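Biologist: I would like to learn how to read the packing and pairing in a model like this one. Can we take it feature by feature?

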Amino acid sequence: MPRSRKYDGVVYRRKDILFWWIRYRDRSGIRRGESTFTKDRQEAQGILRERLHARDHNVLDVIRKGQNLSLDQWADFFLENYSRPPVRAEKTHQVNLRVVKHFKNAFAARKLMDITADDIELYLRDRLRKTVRIKTALGYRDKGALKPTTVHQELRVFRRMLDVAVRKKLLQANPCWGVEFPVTVRGLFRPHYVTWSEQRFIESHAPPHLRNVIQIVTATGLRVYKELTPMRKDQVDLANATVWTPDSKTPNGVAEIPLTPLAVEAFKNQIRISGTGTFLFPSDKNPSGHHRILKTAWQKTLKRAGILYFRIYDLRSTYATRLSAVGVADEWVTQLLRQGDAKVFKKYSQMKLQMKREALEKMKRLANEMPLDSGTAVVQ
């Protein structure tokens, strides 16, 4: 019979070594010993409790592996398994490759568990002092300092990479959670809500094809560049007021989408001006045969309208906010957006504040227009 053990583990000191050591048995009964790399006995006891908790939940081997895992190894694993299509879009994967290269250069072969929030903040501050260099036929040319939005995007990629490590039990916590961005970025990733009056004003200054894009996106929530601009005419069923998206950013995006009367009319107008080709938004300037980007037309339209620039993607955010404003449940809004994660809806719900202000302003106008002899009792 195996010998009974009084304790699951012990904390002890080895001769001529300053750090505390721990000894415990794994699930198979094998005795393991390791250094805690701390001189504090209470901290060493906490590490022992974590090891025992991991053993009881059968993740001890994973945590021990995380201690020896370098950032380079985890970055390569992340790019291969959590960044490539179909997990993420090819464009997103290319951004991740570029960002991970910078972090690899900064942290070299450091252990994943040794990277702290202070290390990441120092990296961000150093990146803000860097300049953009592009390679031309005449050599390299400097284009000024990196934009804060670029550095912030790098932090978002790195944060996701470490979030996956936390879910895999390779890290106890994500050090990015304790990172404060070193500069204030006003309006970053904050959706702009387009009011009906503002939309009509923008449409009055937009070319015909862009006017149709505005009406379609605000009435259907279609992704502008992934779903709408490459759309073919045979994907539109005007008789049944539906449109089919065979390719999308996420698997949930592949769906049949119902159309409102306003969207049907916009599709009819676009089909009428698109010519005899197969694409709904044809373009002779692109090898693909259709428009791939509308940024120039969008910028010029906003400039003619005298409206401060905001992303054309915010039209999709406006669609979600309008659904929420008329009482559609958040779960249904998420399905109509064809999102796989309900957390994405949170950024759209930020725009509800503007709609609340509009409602209060409307109530104020109605109150001011109410006649004095409306039946309300007047106290003498």
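Biologist: What kind of crossing does α7 make as it passes α8?

Modeller: A crossing is left-handed if the near helix is turned anticlockwise from the far one by less than a right angle, and right-handed if clockwise. Here α7 passes α8 in a right-handed crossing. The model is predicted, with local features needing pLDDT of at least 70 and side-chain atom pairs pLDDT 80 or more, while totals for chains, interfaces and linings use all residues. Residues are numbered from 1 along each chain as its sequence is written, and side-chain values use heavy atoms, without hydrogens and water.

Biologist: At what angle do the axes of α7 and α8 cross?

Modeller: Two packed helices are described by the angle between their axes and the distance between the axes. Axes are lines fitted to C-alpha atoms, for helices over the stretch in contact, with angles from 0 to 180 degrees between N-to-C directions. Helix α7 (residues 196–204) and helix α8 (residues 208–220) cross at roughly 155°, and their axes come within 9 Å. The two helices are therefore roughly antiparallel (over 145 degrees; under 35 is roughly parallel, 65 to 115 roughly perpendicular and the rest oblique).

Biologist: Which residues make the contact between α7 and α8?

Modeller: Contact means heavy atoms within 4.5 Å. From α7 come Gln 199, Arg 200, Ile 202 and Glu 203, and from α8 Arg 211, Ile 214, Gln 215 and Thr 218.

Biologist: At what angle do α3 and α6 pack?

Modeller: Helix α3 (residues 71–82) packs on helix α6 (residues 148–167) at about 95°, with the axes 11 Å apart. That makes α3 roughly perpendicular to α6. The contact residues of α3 are Leu 71, Trp 74, Ala 75, Phe 78 and Tyr 82, and those of α6 are Phe 158, Arg 160, Met 161, Val 164 and Ala 165.

Biologist: In what order do β1, β2 and β3 form their sheet?

Modeller: Helices (H or I, at least four residues) and strands (E, at least two) are DSSP runs numbered from the N terminus, and two strands pair if DSSP finds at least two bridges between them. The order in this open sheet is β1-β2-β3, with antiparallel pairing. Its edge strands, β1 and β3 (31–35), each pair on one side only. From one strand to the next, the twist averages 20°. Helix α1 (residues 41–56) packs on this sheet, touching β1, β2 and β3, and its direction makes about 20° with that of β2.

Biologist: How many bridges join β1 to β2?

Modeller: Five bridges join β1 (residues 9–13) to β2 (residues 20–25). Gly 9 stands opposite Tyr 24, and Tyr 12 has Trp 21 as its bridge partner. Six residues lie between the strands of this hairpin, where Asp 16 takes a positive phi near 65°.

Biologist: How many helices and strands does the protein come to?

Modeller: The protein has 15 helices and eight strands.
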